Amino acid sequence: MKSNTGLIILFLAAMIIATACSKEEEKLPAHEKKPGFNIEPNGKTGAFLKQWNKNDLAEIFGQANLKDGSEWIEEGTVEVKTTKIVQDNDELTVYWEDESPGKIKLSGENSRWNVSGVKPGMTIAELEKLNGKPFRFYGFGWDNGGMVFDWGEGNLADKFRGVEVTLGFKDGFPEGKSPETDKMTGDNIKLKSDQEELKKYQLAVLSVLVEFSSDNVKHEKPAESAE
């Protein structure tokens, strides 16, 4: 009898603890209920899933934290509907394709959102360290200015297919025109992360854009026919 009583007490104690934990979970902000802030490029796992719709966003982040709008992309030729998620310093923009996220963009220097460790505010040196090798990016002053186009066979080369990382100056582009700035601007300029002349500037990640498409998934070589 004593043994049964002990089991009952243990069961009731466990139920009380579980209920308390559940109530604490309800008090958490919506984003704290998510599996962290790490986004995977394929959108199949991680902190943001490509199958989410607007109702999912409202449930997870709270309607008050969503701001609908639109934005012109593709050099100002295409207008897309957007939903911006803003909570504290965490900022993420969803670009809709019909009812599904086509792209998402991370911005905000102090945001906790990241794509496999890459996040806005990260310095060019930190990004190079994460990649394991120097990388190349376009010169500044045009639509694709500062965008990384070649990871140099580094750690991010395969994983970041369909991910656009854009760099910029933390304190803004240097004022005035000079031979030095001319070497950093224009759509025909290509820069490398380990260039000595860049080290005097505070270059950092401005934004990270993820395109949810089949191109994000590493392409496997088709199986050879048995014939």
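Accessible areas come from the Shrake-Rupley method with a 1.4 Å probe. On that basis, the chain of this predicted model exposes about 13900 Å², of which carbon and sulfur atoms supply 50%. Buried residues make up 36% of the 227 residues in the chain.

The fold comprises four helices and 11 strands. Among contacts in the chain with a separation of 6 or more, 54% join residues 24 or more positions apart.

The largest nonpolar core contains 43 residues, and Phe48, Leu127, Phe137 and Val165 touch the most other members. Two or more residues of this core come from each of several elements, including helix H2 (54-61), helix H3 (124-131) and strand S9 (163-169). Leaving aside residues up to four places away in sequence, Val165 touches Val118, Leu127, Gly146, Met147, Val148, Trp151, Phe160, Val205, Ser207 and Val208.

The largest pocket is lined by 18 residues; Glu74, Asp143, Asn144, Glu164 and Leu209 lie nearest its centre. Strands S2 (66-73), S5, S9 and S11 each supply at least two residues of this lining, and S2 gives the largest share, three residues.

The lining of the second largest pocket consists of Thr123, Ile124, Ala125, Glu128, Ser193, Asp194, Leu198, Lys199, Tyr201 and Leu203. Here H3 gives the most, with three residues.

Note on methods
Residues numbered from 1 in each chain as written. Predicted model: local features only at pLDDT ≥ 70, side-chain atom pairs only at ≥ 80, totals over all residues. Heavy atoms only, no water. Core = buried A, V, L, I, M, F, W, Y, C linked by side-chain atoms within 4.5 Å. Buried < 20%, exposed > 50% of the residue type's maximum accessible area, 1.4 Å probe, protein only. Contact = heavy atoms within 4.5 Å. 1 Å grid on protein atoms, 1.4 Å probe; cavity = no way out; pocket = protein on both sides within 12 Å on 5 of 7 lines; lining within 4 Å.
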